[in-house]
Amino acid sequence: QVHLVESGGGLVQTGDSLGLSCAVSGPSWSSYTVGWFRQAPGQEREFVASIITWGGFTEYSPPVKGRFAIRRDNPKRTVYLRMNSVVPEDTGVYYCAAKTDRDGEYDAWGQGTQVIVSA
């Protein structure tokens, strides 16, 4: 069973940088797609970025492309999200999630970490 734990959220100002971590435990680390999602107050959860652990292929949503960077550390079984040049619209609860079927649904989720960007 896959278990994910996020860390690194907090309160930052517009233009700052912030790093999030997602520690992944469970079998088949090399077979995961790990994604970051976020949910702003009153909004639906949205995709932010993802990475495939065995090849490092990454994807980003348009609002964060060029500002955020996702990477993985295979020995530590951890996925990181570096958030640069943040804006108030980046505020929300950030969740990491994992799936083993690249074309399937994410089926394991962390508890989330809060990010607040002040103007």
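Strand 5 and strand 6 make a hairpin with 5 residues between them, and Gly56 in the turn has a positive phi of about 80°. Strands here are DSSP runs of E with at least two residues, numbered from the N terminus, and two strands pair if DSSP finds at least two bridges between them. This is a predicted model, where local features need pLDDT of at least 70, side-chain atom pairs count only at pLDDT 80 or more, and totals for chains, interfaces and linings use all residues. Residues are numbered from 1 along each chain as its sequence is written, and side-chain values use heavy atoms, with hydrogens and water left out.

| Pairing | Bridges | Facing residues |
|---|---|---|
| Strand 4 (residues 33-39) and strand 5 | 6 bridges | Val34 and Ile51 |
| Strand 5 and strand 6 (residues 58-60) | 3 bridges | Ala49 and Tyr60 |
| Strand 7 and strand 8 (residues 78-83) | 6 bridges | Ile70 and Leu81 |

Now to another sheet order: 4 strands form an open, antiparallel sheet as 1-3-8-7. Strand 1 (3-7) and strand 7 stand at the edges with a single partner strand each, so one side of each lacks a neighbour in the sheet.

Asp73 lies in strand 7 (residues 68-73). Leaving aside neighbours within four places in sequence, Asp73 is in contact (heavy atoms within 4.5 Å) with Trp29, Thr78 and Tyr80.
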